[in-house]
Amino acid sequence: MALSRNEKITLVAAIISSPILTLVIDFFRSVPIFSTIKSAYYWTVDLLVSILTYNIQLWIVLVILIVIIVALGIYGNADSNKPKASQFNFLNYTTDNNIAGFKWTWTYEFSNEKNRYIISEVKAYCPNCDSPLRFKNDFLNEHTECIRCDYQRPGNVYGDMHRIESLIIDNITRMSRANVSGS
Ligand SMILES: [Zn+2]
(Lines give C-alpha, C1' and ligand atoms only; values in the text may rest on other atoms or scores of the structure.)
Protein backbone atom coordinates (compact mmCIF):
# COMPACT_ATOMS: atom_id res chain seq x y z
CA MET A 1 0.00 0.00 0.00
CA ALA A 2 1.63 3.16 -1.17
CA LEU A 3 0.79 6.19 0.88
CA SER A 4 1.20 9.70 -0.37
CA ARG A 5 3.31 12.07 1.63
CA ASN A 6 0.31 13.81 3.16
CA GLU A 7 -1.31 10.50 4.03
CA LYS A 8 1.90 9.45 5.78
CA ILE A 9 1.99 12.70 7.73
CA THR A 10 -1.61 12.25 8.80
CA LEU A 11 -0.94 8.62 9.70
CA VAL A 12 2.04 9.55 11.88
CA ALA A 13 0.04 12.27 13.60
CA ALA A 14 -2.76 9.82 14.26
CA ILE A 15 -0.43 7.09 15.56
CA ILE A 16 1.42 9.35 17.94
CA SER A 17 -1.79 11.29 18.63
CA SER A 18 0.36 13.76 20.49
CA PRO A 19 -1.47 17.00 21.14
CA ILE A 20 1.81 18.85 20.82
CA LEU A 21 2.56 17.41 17.41
CA THR A 22 -0.98 18.19 16.32
CA LEU A 23 -0.48 21.75 17.51
CA VAL A 24 2.80 21.95 15.64
CA ILE A 25 1.19 20.66 12.47
CA ASP A 26 -1.71 23.09 12.82
CA PHE A 27 0.72 25.90 13.46
CA PHE A 28 2.81 25.20 10.40
CA ARG A 29 -0.22 24.69 8.25
CA SER A 30 -1.56 28.06 9.30
CA VAL A 31 1.76 29.88 8.88
CA PRO A 32 2.66 30.02 5.19
CA ILE A 33 6.37 30.83 5.19
CA PHE A 34 9.32 30.11 7.48
CA SER A 35 11.05 27.97 4.96
CA THR A 36 13.96 26.89 7.18
CA ILE A 37 11.74 25.89 10.07
CA LYS A 38 9.32 24.34 7.62
CA SER A 39 12.00 22.16 6.04
CA ALA A 40 13.23 21.15 9.48
CA TYR A 41 9.67 20.24 10.33
CA TYR A 42 9.29 18.18 7.14
CA TRP A 43 12.61 16.51 7.84
CA THR A 44 11.41 15.56 11.36
CA VAL A 45 8.13 14.26 9.99
CA ASP A 46 9.97 12.28 7.32
CA LEU A 47 12.15 10.78 10.02
CA LEU A 48 9.11 9.86 12.10
CA VAL A 49 7.41 8.39 9.06
CA SER A 50 10.43 6.25 8.23
CA ILE A 51 10.81 5.14 11.84
CA LEU A 52 7.17 4.18 12.19
CA THR A 53 6.62 2.67 8.77
CA TYR A 54 9.93 1.14 7.96
CA ASN A 55 12.44 -0.05 10.52
CA ILE A 56 10.59 -0.25 13.78
CA GLN A 57 7.17 -1.70 14.02
CA LEU A 58 4.56 0.03 16.08
CA TRP A 59 4.25 -2.79 18.60
CA ILE A 60 7.93 -2.44 19.51
CA VAL A 61 7.38 1.24 20.21
CA LEU A 62 4.34 0.35 22.30
CA VAL A 63 6.29 -2.29 24.26
CA ILE A 64 9.03 0.23 24.97
CA LEU A 65 6.43 2.78 26.10
CA ILE A 66 4.76 0.22 28.39
CA VAL A 67 8.13 -0.77 29.88
CA ILE A 68 8.90 2.90 30.54
CA ILE A 69 5.47 3.47 32.14
CA VAL A 70 5.78 0.34 34.33
CA ALA A 71 9.33 1.31 35.32
CA LEU A 72 8.15 4.80 36.25
CA GLY A 73 5.30 3.31 38.28
CA ILE A 74 7.69 1.04 40.22
CA TYR A 75 10.05 3.94 40.77
CA GLY A 76 7.18 6.13 41.99
CA ASN A 77 6.03 3.45 44.45
CA ALA A 78 9.55 2.89 45.71
CA ASP A 79 9.81 6.61 46.20
CA SER A 80 6.62 6.77 48.26
CA ASN A 81 7.84 3.86 50.42
CA LYS A 82 10.86 5.85 51.50
CA PRO A 83 10.65 7.21 55.04
CA LYS A 84 8.88 10.51 54.94
CA ALA A 85 11.01 13.56 55.33
CA SER A 86 10.76 15.33 58.61
CA GLN A 87 7.14 15.88 59.54
CA PHE A 88 8.09 18.29 62.29
CA ASN A 89 6.85 21.71 61.35
CA PHE A 90 8.41 24.37 63.49
CA LEU A 91 5.51 26.71 62.66
CA ASN A 92 3.40 24.61 65.05
CA TYR A 93 5.89 25.17 67.87
CA THR A 94 4.61 28.42 69.34
CA THR A 95 4.62 27.71 73.04
CA ASP A 96 7.00 26.19 75.58
CA ASN A 97 6.39 25.68 79.27
CA ASN A 98 10.00 26.01 80.30
CA ILE A 99 12.31 28.44 78.63
CA ALA A 100 14.61 30.07 81.17
CA GLY A 101 12.15 29.09 83.92
CA PHE A 102 8.96 30.54 82.40
CA LYS A 103 6.21 29.61 80.01
CA TRP A 104 6.57 31.53 76.73
CA THR A 105 4.46 31.96 73.64
CA TRP A 106 5.41 33.52 70.31
CA THR A 107 4.42 33.70 66.66
CA TYR A 108 6.31 33.52 63.37
CA GLU A 109 6.25 36.20 60.75
CA PHE A 110 7.75 35.83 57.33
CA SER A 111 10.20 38.64 56.70
CA ASN A 112 10.53 39.42 52.99
CA GLU A 113 13.54 41.50 53.78
CA LYS A 114 15.39 38.65 55.50
CA ASN A 115 13.69 35.99 53.34
CA ARG A 116 13.01 33.83 56.37
CA TYR A 117 10.68 33.50 59.30
CA ILE A 118 11.33 35.65 62.30
CA ILE A 119 10.07 35.07 65.84
CA SER A 120 7.75 37.79 67.05
CA GLU A 121 5.22 38.65 69.76
CA VAL A 122 7.28 36.80 72.35
CA LYS A 123 5.47 36.74 75.71
CA ALA A 124 6.30 35.27 79.12
CA TYR A 125 3.56 34.03 81.47
CA CYS A 126 2.99 34.15 85.18
CA PRO A 127 3.89 30.87 86.92
CA ASN A 128 0.95 31.38 89.32
CA CYS A 129 -1.99 32.32 87.08
CA ASP A 130 -0.74 31.95 83.48
CA SER A 131 -1.37 35.59 82.60
CA PRO A 132 1.24 37.58 80.66
CA LEU A 133 4.13 39.11 82.56
CA ARG A 134 5.20 42.68 82.04
CA PHE A 135 8.25 44.70 82.87
CA LYS A 136 7.90 47.64 85.28
CA ASN A 137 10.42 50.28 86.22
CA ASP A 138 9.14 52.21 89.22
CA PHE A 139 11.69 54.66 90.55
CA LEU A 140 14.72 52.50 89.82
CA ASN A 141 12.86 49.41 91.08
CA GLU A 142 13.13 47.28 87.98
CA HIS A 143 10.93 44.24 88.20
CA THR A 144 8.71 41.88 86.27
CA GLU A 145 5.12 41.55 87.41
CA CYS A 146 1.98 39.67 86.47
CA ILE A 147 -0.75 41.72 84.88
CA ARG A 148 -3.36 39.81 86.94
CA CYS A 149 -2.08 38.51 90.28
CA ASP A 150 0.52 39.87 92.71
CA TYR A 151 3.37 37.77 91.34
CA GLN A 152 6.52 39.74 90.84
CA ARG A 153 10.24 39.18 90.65
CA PRO A 154 13.22 41.47 90.42
CA GLY A 155 14.75 42.19 87.07
CA ASN A 156 13.33 42.16 83.57
CA VAL A 157 12.17 38.83 82.22
CA TYR A 158 12.28 40.48 78.77
CA GLY A 159 15.78 41.85 79.36
CA ASP A 160 17.60 39.37 77.12
CA MET A 161 15.24 38.58 74.26
CA HIS A 162 18.15 37.48 72.11
CA ARG A 163 18.76 34.61 74.53
CA ILE A 164 15.05 33.62 74.52
CA GLU A 165 14.94 33.59 70.71
CA SER A 166 18.19 31.63 70.58
CA LEU A 167 16.71 29.05 72.97
CA ILE A 168 13.57 28.78 70.81
CA ILE A 169 15.71 28.28 67.69
CA ASP A 170 17.89 25.75 69.50
CA ASN A 171 14.77 23.83 70.59
CA ILE A 172 13.55 23.82 66.96
CA THR A 173 16.92 22.46 65.83
CA ARG A 174 16.87 19.74 68.49
CA MET A 175 13.28 18.73 67.69
CA SER A 176 13.94 18.54 63.93
CA ARG A 177 17.05 16.45 64.59
CA ALA A 178 15.14 14.07 66.91
CA ASN A 179 12.33 13.85 64.35
CA VAL A 180 14.65 12.95 61.49
CA SER A 181 16.67 10.36 63.41
CA GLY A 182 13.53 8.91 65.00
CA SER A 183 11.74 8.15 61.72
ZN1 LIG B 1 -0.24 35.87 87.79
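## Zinc site

The 4 donor atoms around the zinc ion subtend angles of 97 to 119 degrees, which makes the arrangement tetrahedral (four donors count as such if all angles lie between 85 and 135 degrees). The donors (N, O and S atoms within 2.8 Å of the metal, or 3.2 Å for Na, K and Ca) are the SG atoms of Cys-126, Cys-129, Cys-146 and Cys-149, at 2.2 to 2.3 Å. Along the chain they follow the spacing C-x2-C-x16-C-x2-C.

## Basis of the model

The model is predicted, so local features need pLDDT of at least 70 and side-chain atom pairs count only at pLDDT 80 or more, whereas totals for chains, interfaces and linings use all residues. Residues are numbered from 1 along each chain as its sequence is written, and side-chain values use heavy atoms, with hydrogens and water left out.

## Largest pocket

The largest pocket has a volume of about 250 Å³; a pocket here is an open set of points on a 1 Å grid where a 1.4 Å probe fits, with protein on both sides within 12 Å along at least five of seven lines, and lining residues have an atom within 4 Å of a point. Its lining includes Phe-90, Tyr-108, Arg-116, His-162 and Glu-165. S3 and helix H5 (161-182) each supply at least two lining residues, and the largest share, 5 residues, comes from H5.

## Overall architecture

The chain holds 5 helices and 6 strands, taken as DSSP runs of at least four residues (H or I) and at least two (E), respectively. From the N terminus on, these elements run α-α-α-α-β-β-β-β-β-β-α. Of the 183 residues, 22% count as buried.

## Backbone features

Ala-100, in the loop between strand S1 (95-99) and strand S2 (102-111), has a positive phi of about 55 degrees although it is not a glycine, and it is partly exposed, with a relative accessible area of 38%. Glu-121, which lies in strand S3, has a positive phi of about 50 degrees, again without being a glycine, and at 56% relative accessibility Glu-121 counts as exposed.

Technical notes:
Tetrahedral: all angles 85-135°; square planar, octahedral: opposite > 155°, others 65-115°. Points joined across faces, edges and corners; volume = space filled by probe spheres on them. Buried < 20%, exposed > 50% of the residue type's maximum accessible area, 1.4 Å probe, protein only.
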